[in-house]
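Biologist: I have a chain on my screen and would like to understand how it is put together. Could you walk me through it?

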Amino acid sequence: MRRSDLVNFDPSHLLWMGADPLAAIAALGSAIYHVHAKDTRLEPEALALDGRIEIRPAEDFTQRAWNYVTLGRGHDEAWWRRFCQALAAIGYDDRLSIEHEDLALPPIDGARQSVGLLRRVMPGAAA
């Protein structure tokens, strides 16, 4: 496989665009060479009025239609367990790079929460 055929997979972008990252993992399969662990939360009231194309700056997170959030603050542990299982199913056994862009939570707290969630949901973790 050529380097140009490989994918740096970030589920957060698919989430705000309305795509299904789990379906994308299955479709992309072995082309996935790197994975970000980053969540997105849709904000229903703003989303209903503004749609998904967000023009507000990230700092205005209380008014946005969607926000990047700490793992588990957009999608629950069951979703992240399915995410990790989907990656395992295609043979991905490498890093999950936590990307913290949650402006409502200090980075150290977000990183700790994300690591804790991933430890609970990774294949082989107690359910």
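Biologist: Let's start in the sheet: which residue of β5 stands opposite A37?

Modeller: Bear in mind that this is a predicted model. The strands β2 and β5 run parallel and are joined by 3 bridges. Across from A37, the residue in β5 is I98.

Biologist: What is the strand order of the open sheet?

Modeller: The sheet is open and has 3 strands, with parallel pairing. Each of β1 and β5 (96-98) has a single partner strand, so these two stand at the edges, with one side left without a neighbour in the sheet. On average, neighbouring strands are turned by 25° against each other, direction ignored. The order is β1-β2-β5.

Biologist: Which strands does α4 touch where it packs on the sheet?

Modeller: The direction of α4 makes about 170° with that of β2. In packing on the sheet, α4 touches β1, β2 and β5.

Biologist: And what angle does the direction of helix α5 make with that of β5?

Modeller: Helix α5 covers residues 107-121 and also packs on the sheet. There it touches β2 and β5. Its direction and that of β5 make an angle of about 155°.

Biologist: Now to helix α2: which of its residues are buried?

Modeller: This helix takes in residues 21-28. To count as buried, a residue needs under 20% relative accessible area. In α2 that holds for P21, L22, A24 and I25.

Biologist: Why do those residues lie on the same side of α2, and how wide is their arc?

Modeller: The buried residues are P21, L22, A24 and I25. Their arc around the axis is limited, which puts them on the same side of α2. The face turned away from that buried side carries the exposed residues A26 and A27.

Biologist: What do the buried residues of α2 pack against?

Modeller: Their partners include two strands, β1 (7-9) and β2 (32-37). There are helices too, and the complete set is β1, β2, α1 (11-17) and α4 (77-89).

Biologist: How do the two ends of α2 look, and which residue follows the helix?

Modeller: At the start, a side-chain oxygen of D20 comes to within 2.9 Å of the backbone nitrogen of L22. After the helix comes a residue whose phi is positive, near 50°. That residue is G29.

Biologist: Is D102 buried or exposed?

Modeller: D102 sits in the loop between β5 and α5. Its relative accessibility is 5%, and the limit for counting as buried is under 20%. So D102 counts as buried.

Biologist: Which backbone nitrogen does the side chain of D102 reach at 2.9 Å?

Modeller: The side chain of D102 reaches the backbone nitrogen of A104 at 3.0 Å. Leaving out residues up to four places away in sequence, D102 touches Y68, V69, T70 and R73. The backbone nitrogen reached at 2.9 Å is that of T70.

Biologist: Stepping back, what is the radius of gyration of the chain?

Modeller: The chain has 5 helices and 5 strands, in the pattern β-α-α-β-β-α-β-α-β-α along the sequence. For 127 residues the globule rule gives 14 Å, and the value here is close to that, so the chain is as compact as a globular protein of that length. The C-alpha trace spans about 40 × 30 × 20 Å along its principal axes. The radius of gyration is 15 Å.

Key. Residues are numbered from 1 along each chain as its sequence is written. This is a predicted model: local features need pLDDT of at least 70, side-chain atom pairs count only at pLDDT 80 or more; totals for chains, interfaces and linings use all residues. Side-chain values use heavy atoms; hydrogens and water are left out. Buried means under 20% relative accessible area, exposed over 50%, partly exposed in between (1.4 Å probe, protein chains only). Helices (H or I, at least four residues) and strands (E, at least two) are DSSP runs, numbered from the N terminus. The arc is that of the directions from the helix axis to the C-beta atoms. Contact means heavy atoms within 4.5 Å. A polar contact is a pair of N or O atoms within 3.5 Å; within protein, one must be able to donate a hydrogen and the other to accept it, and residues adjacent in sequence count only if both atoms are side-chain atoms. Two strands pair if DSSP finds at least two bridges between them. Axes are lines fitted to C-alpha atoms, for helices over the stretch in contact, and angles run from 0 to 180 degrees between N-to-C directions. The radius of gyration is taken over C-alpha atoms; the globule rule is 2.2 Å times the number of residues to the power 0.38.
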